[in-house]
Amino acid sequence: MTVTRSLLGVVATILVWEAIARIQPNSVFFSGPSDVANYIIGHSGLLFRAAVETTGNAVIGFLWGNFVAFALACLVILIPRSEWVVSALALLVFCIPLIASGPILRVLFGPGSGPQITLAALAVYYTTFLSLVVGLRAISQNWTDLMTIYGRGRLSTLLIVRLRASLPYLFVGLQIAAPAAFLGAMIGEFTGAEKGLGVLTLRAMRGLQTDATWALALISASLAMLGYACVGLIKEKLTPHAPTILVSTPRGRSDHSFPAQVIGVAAIAALVFFLWQGSMDAFNLNPFFAKRPGDIWQFLSHPANMNTLLNALGATLAYAIPGYLAGLALGAGLAVVLMLWPPVARAIMPTAITLRAVPIITTAPLLVLAFGRGFTGTVAIVAVMIFFPTLVACLQGLRQTPTQIVDLFESYGVTRFKLLRSAQIPAMLPALFASARMAVPAALLAVTTAEWLATGRGIGVLMALTASTSDYNMLWSCVVLLCLVAVGAFAMVAWCEKRVLRIYASEQLA
Amino acid sequence: MTAADISCENVRKSFDRTDAVAEFSTVFQAGRTTALVGPSGCGKSTILRMIAGLDAPDAGLIRLGPETPKQVARRGGLSMAFQDPSLLPWRTVRSNIALGAELARKPAGGVDDLIHLVGLDGFADHRPAELSGGMRQRAAIARSLISEPEFLLLDEPFGAVDAITRRRLNQDLPPLWRRRKTTTILVTHSVEEAVLLSDRVIVLSPRPARILSDIQIDIEGLRTAAETNSAKFQALKSKVLAALEEAA
C-alpha cells in the first residue's frame, strides 16, 4: 500500500515537473525530466566515471574520518582529562569551513584526490565524534560499578560494556556522516580537482548548461542519499531501537571561573599556534605556500591587506547572518506549527529526517539558478542548509516534553496553544540551541560555497582568486579569519544558550 | 580458600555536607553472613559501596582481610549484587552469568548449576529483555556467585523477586555461602529475611548511620521456611523490629 502510494507520488512529481518545464521551454534555470534524462543518457560514460571517482573519494574519506572520530572518542573516555583539549581542537577544526581548507589542502597535496578525501574525512568526523562520545558515556552507573567491583579499569569497561552499548549512537552519527562525506568530496572537487562530479558541476555552472547542472545535482543528491540509506539499512539490522540524539557538543567547562576559562582559551590558542608552526616546520613545508603564524601577522599588519580582508568578510556576513537567522526561524517555526497538527507532523517527520541528510551543496547550483546570483540566492542556500536539521531537531525536542507535564496541562483542559507556549516550546529550546550551534559552521560553509560557485563577492571569492593567483598570504588570512569568526559565533550562541537554558531547562546544564 | 574478616574502623562519609555515615566501626566475621537493616536512606548502601571500593571513605579504614577493597577487587575476590540487575542487554542469561567469572578472571564452571539454583532452567539462551524483572534479578544473583568470591555484598537483591522464588532463594543460598565460607553482607528491608539469612543483624540509626543494635542470630542447622514459625525465630524477629522502631 505505502509502496504504491510512494510510487504514485514519484510519478506525479515527475509529471508536474515535466509540465512546468514544458510551459517554459528553453528556460535558463529549469530543466524538465526528459531534458535531464536525455543529458544523462547522452553523457552516461562521463557521468559514470565522475560518479565512481567522487563516490570512491567519499568512501575513503568516510572511513578515515570515522576512524579518527572513533580514536578520539575512545581517547576521551580512556583519559577523561584529555577531553577539553580534544573537544576544543576537534571543534576548532570542525569550524573551519570546508571551502576554506580546500584550497590550502590543494596546495599541500598538489593534484590528485588527497584534498577530496581529506575534506570528506573532515566533513564527517565531528558528528561521529559527538554522537559516539554521548553513546560511550550513556551507560548506567551500575555497569561501571560492576566493572569496578571486579577491579576492572577504563579499558575493560570500554571493551566489554561501552563500545557495544554505544552502537546505536554510533550508527546515528554514521548515518548523518554518509551524505556529509559525499558533500566533502564534492567540495574538494570544487577547489581544483581534475575529475569527479564536483568538477563537472563547476563546469556546467560556469557554462550555463542548465540540463547538465540539473542532471549533476540530481545524481549527486541521489548518491549521497544512497549512502544515507545504506548505513540506515545496516543500522536497522544491528540496532533496531535507535536513540534520539540531539547532536550537541560535550558539556563545556561551565563550572570553571572566568579567569580559569580565559586561561583555558589562551592555552588552546597557544596549542593551535604551536601545532600550526610545529607541523609545518616538522614536515619542512615550503614557506612559499605553507604560511606560518608569523607570516600572517606580518601580512595583516599592512592596513591595505587588512581592509581588503575585512571588506570581503563584511560582504560575506551580510549574506550569512540573514540566511542563518532565516534558516533557524523557519525550521523552529515550522516545527511549532506542525506541533499544532500532530498527524501532519507525524507524516512529515520521516521526509524531513531524510531531507536533513541531503547535502544541500549538491543542490546549491539549482538554488542559484532559481533565486539568482545575488542576495536572495545566497541567503536561500544558507537558509535551506540550516532549515532541515533545525526542523528535525526542534520536532524531536517538542516531542520530548515530559508526558506527565502534557497530561497535567490536559487535565486542566488548556488549549493547544497554551500547552505549546508554556510546556512544549520551553522543552524544544535545548534542541533549538544545539542546532543553532551546529549551524554556525554550516552557514559559513554554505555562504562561502555560494560565493565560490556563483555570486562573485565576499570572502569565498577572495579565496578562489588568491588560490589561483598564488597569493598564499591572503588565502591563509582568509582561513584564519573564517575560523575565528566561526569560533566566535559558536561561542556567542553557546553563551546565549547557557543564559536561556538556565531558566528553561536547568537539568540540561547539570 | 580461607575466609577473612571485613573490618571497618571509624569510617565516615558525607555527600555535599550531609553526613551519610558517622564513625562506623565493626568487624564482619569471616565466613558468616551479616545483615544491615535500618530506615530508608540511613546510609546502608553507602557502607556497602565503601566496602566494595566503589566510594572512598572520607576518614577511617576498611580492610578485607589484610587487603584494601581495591586490592581484593583486582584479584577478583569480591562480588556484589545490586538493587538493579544491571545485566548487559546484548548478552544471553548464560553469558551474563558467565560475565561474573570472566571479569574476575576465573573459569566459568558451573553456570548451569547456578541457573538451576536460581530457577532459570530453560531461559539460559534468552536475553534480559525477554525476562521478567524478578528473573533478571535472579540472573544477577547468579552472576555474583559464579566467581566464587570470598566476599559477597548483596544490596537488596531480592526486592523484585516474587514471593515464592524469594522463599526458595532464602532457603538455598545460605548453605552455598556457608559451604564456600563466603563472608557475606546483606542489605535488606525485610526483617524476616535478615533473620532467616544471617548469623547476625546490625540495626542502623537514621542518617548518619550508626550502629544502634547488634543482634546475634543463634539458630543452628538448616534454616527452612518452616523455621519462621518457630518461637525462637519470632522472638529474634521481634527483637530486630523493636530496635528498628527505636531507630525510627
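1. Contact here means heavy atoms within 4.5 Å. By that criterion, the interface between the two chains draws 15 residues from chain A and 27 residues from chain B. The structure is a predicted model, and the points below should be read with that in mind.

2. Chain A has 22 helices and zero strands. Its radius of gyration is 24 Å, close to the 24 Å that the globule rule gives for 510 residues, so chain A is as compact as a globular protein of that length. A box of roughly 65 × 65 × 40 Å, taken along the principal axes, holds the C-alpha atoms of chain A. Of its 510 residues, 51% count as buried. Among contacts in chain A with a separation of 6 or more, 77% are between residues 24 or more positions apart.

3. Chain B contains both kinds of element, with eight helices and nine strands. The radius of gyration of chain B is 18 Å, close to the 18 Å from the globule rule for 248 residues, so this chain too is as compact as a globular protein of its length. The C-alpha atoms of chain B occupy a box of roughly 45 × 40 × 35 Å along the principal axes. In chain B, 56% of the 248 residues count as buried. Of the contacts in chain B between residues at least 6 apart in sequence, 70% join residues at least 24 apart.

4. Next, the interface. About 1,800 Å² is buried between chain A and chain B, and carbon and sulfur atoms give 65% of that area. The rule finds seven residue pairs in polar contact across the interface, both residues being at pLDDT 80 or more. On the side of chain A that touches chain B, the elements giving two or more residues are α7 (141-149) and α8 (154-165) of chain A. The largest share of that side, eight residues, comes from α7(A). Sorted by class, the side of chain A that touches chain B has eight nonpolar, four polar and three charged residues.

5. How many salt bridges does the rule find across the interface of chain A and chain B? There is one. Asp145(A) pairs with Arg49(B), and their closest N and O atoms are 2.7 Å apart. Side chains of opposite charge can pair when their charged atoms come close.

6. Arg49(B) deserves a separate look. The residue is found in helix α1 (residues 44-51) of chain B. Is Arg49(B) buried or exposed? Arg49(B) counts as buried because its relative accessibility is 17%, and the cut-off for buried is under 20%. Not counting residues up to four places away in sequence, Arg49(B) touches Gln141(A), Asp145(A), Leu54(B) and Asp55(B).

7. Arg49(B) also forms a salt bridge within chain B. The partner is Asp55(B), with the closest N and O atoms 3.0 Å apart. Both Asp55(B) and Arg49(B) are buried. Another salt bridge of chain B joins the side chains of Asp125(B) and Arg94(B), at 3.7 Å from N to O. That pair links distant parts of the chain, 31 residues apart: Asp125(B) is in the loop between α4 (111-117) and α5 (133-146) of chain B, and Arg94(B) is in helix α3 (residues 93-103) of chain B. Asp125(B) counts as exposed at 57% relative accessibility, whereas Arg94(B) counts as partly exposed at 31%. Returning to Arg49(B), salt bridges that share partners join Asp145(A), Arg49(B) and Asp55(B) into one network.

8. A search of the whole structure finds 21 salt bridges over all chains. One of them is in chain A, between Lys195(A) and Glu53(A), with the closest N and O atoms 3.7 Å apart. This pair links distant parts of the chain, Lys195(A) being in the loop between α9 and α10 and Glu53(A) in helix α3 (residues 44-78) of chain A, 142 residues apart. Lys195(A) is exposed, with a relative accessible area of 51%. Leaving aside neighbours within four places in sequence, Lys195(A) is in contact with Glu53(A) and Glu189(A). Lys195(A) and Arg49(A) are 146 residues apart in sequence, and their C-alpha atoms are 8.4 Å apart in space.

9. A last point concerns Glu18(A), which is placed in helix α1 (residues 2-23) of chain A. Glu18(A) is buried, with a relative accessible area of 15%. Not counting residues up to four places away in sequence, Glu18(A) touches Gly32(A), Pro33(A) and Ser34(A).

Methods
Residues are numbered from 1 along each chain as its sequence is written. Chains are lettered from A and ligands numbered from 1 in the order in which they are written. Side-chain values use heavy atoms; hydrogens and water are left out. Buried area is the accessible area (1.4 Å probe) that two parts lose on being put together, summed over both. A salt bridge is a side-chain nitrogen of Lys or Arg within 4 Å of a carboxyl oxygen of Asp or Glu. A polar contact is a pair of N or O atoms within 3.5 Å; within protein, one must be able to donate a hydrogen and the other to accept it, and residues adjacent in sequence count only if both atoms are side-chain atoms. Helices (H or I, at least four residues) and strands (E, at least two) are DSSP runs, numbered from the N terminus. Ala, Val, Leu, Ile, Met, Phe, Trp, Tyr, Cys and Pro count as nonpolar, Asp, Glu, Lys and Arg as charged, and the others, Gly among them, as polar. The radius of gyration is taken over C-alpha atoms; the globule rule is 2.2 Å times the number of residues to the power 0.38. Buried means under 20% relative accessible area, exposed over 50%, partly exposed in between (1.4 Å probe, protein chains only).
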